[in-house]
Amino acid sequence: MNADKLYDAGLRCPHCGHRIHVSIDPSEGAQDYLDECAACGSDIHLIVKIDEVADKIFVRVASDDENFY
């Protein structure tokens, strides 16, 4: 995995179903953050895991309705 390269992940908003694209920077390691849906404006909770051994990036969309801390 090239740490200098951004990777594109295609996801669906858990609120409205709109397809969005996010850029993942693997040099940041594991990530847990909020992004905003361009269609409905709702916050999307993204969880990024980097598996350096298998050379893969996993992005999970959490559809939780609880507060994000």
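Which residues does glutamine 31 touch, not counting residues up to four places away in sequence? In this predicted model, the answer is Ile24, Asp25, Leu46, Ile47 and Val48. Glutamine 31 belongs to strand β3, which spans residues 31-36. With a relative accessible area of 18%, glutamine 31 falls below the 20% cut-off and therefore counts as buried. Its side chain also reaches the backbone oxygen of aspartate 25, at 3.1 Å.

The protein contains five strands and zero helices, so that the order of elements from the N terminus reads β-β-β-β-β. Of its 69 residues, 22% are buried. The accessible surface amounts to about 4,800 Å², and carbon and sulfur atoms account for 43% of that area. Among contacts between residues at least 6 apart in sequence, 31% link residues that are at least 24 apart.

One of the bridges pairs arginine 12 with arginine 19 of β2. Six residues lie between the strands of this hairpin, and glycine 17 there adopts a positive phi near 85 degrees.

Strand β3 takes part in an open sheet of three strands, arranged in the order β3-β4-β5 with antiparallel pairing. Because β3 and β5 (56-62) each have a single partner strand, they stand at the edges, and one side of each is left without a neighbour in the sheet. On average, neighbouring strands of this sheet are turned by 30 degrees against each other, direction ignored. In general, strands of a sheet pair through backbone hydrogen bonds. Here, seven bridges connect β4 (residues 43-51) with β5 in the antiparallel sense. Isoleucine 47 has arginine 60 in β5 as its bridge partner, and isoleucine 47 is also among the residues touched by glutamine 31.

Strand β4 also holds histidine 45. At a relative accessible area of 10%, histidine 45 is buried because this value lies under 20%. The histidine 45 side chain makes a polar contact of 2.5 Å with the side chain of aspartate 32.

Between β4 and β5 lies a loop that includes aspartate 55. Most residues other than glycine have a negative phi. Aspartate 55, however, has a positive phi near 60 degrees. Its relative accessibility of 43% lies between the limits of 20% and 50%, so aspartate 55 is classed as partly exposed.

The interior can be described through its nonpolar residues. In soluble globular proteins, nonpolar side chains tend to be buried together. The largest nonpolar core of this model has ten residues, namely Ala9, Leu11, Cys13, Ile20, Val22, Ile24, Cys37, Ile44, Leu46 and Val48. At least two residues of this core come from each of β1 (7-12), β2 (19-24) and β4. Valine 22, one of the core members, touches Tyr7, Asp8, Ala9, Leu11, Asp35 and Leu46, leaving aside residues up to four places away in sequence. The opening residue meets this core as well: Ile24, Leu46 and Val48 are core members and are among the residues in contact with glutamine 31.

Key. Residues numbered from 1 in each chain as written. Predicted model: local features only at pLDDT ≥ 70, side-chain atom pairs only at ≥ 80, totals over all residues. Heavy atoms only, no water. Helix = DSSP H or I, 4+ residues; strand = E, 2+ residues; numbered from the N terminus. Buried < 20%, exposed > 50% of the residue type's maximum accessible area, 1.4 Å probe, protein only. Polar contact = N/O pair within 3.5 Å; in protein donor to acceptor, adjacent residues only side chain to side chain. Contact = heavy atoms within 4.5 Å. Pairing = 2+ DSSP bridges. Axes fitted to C-alpha atoms, helices over the stretch in contact; angles between N-to-C directions. Areas by Shrake-Rupley, 256 points an atom, 1.4 Å probe, with all protein chains shown as cover. Core = buried A, V, L, I, M, F, W, Y, C linked by side-chain atoms within 4.5 Å.
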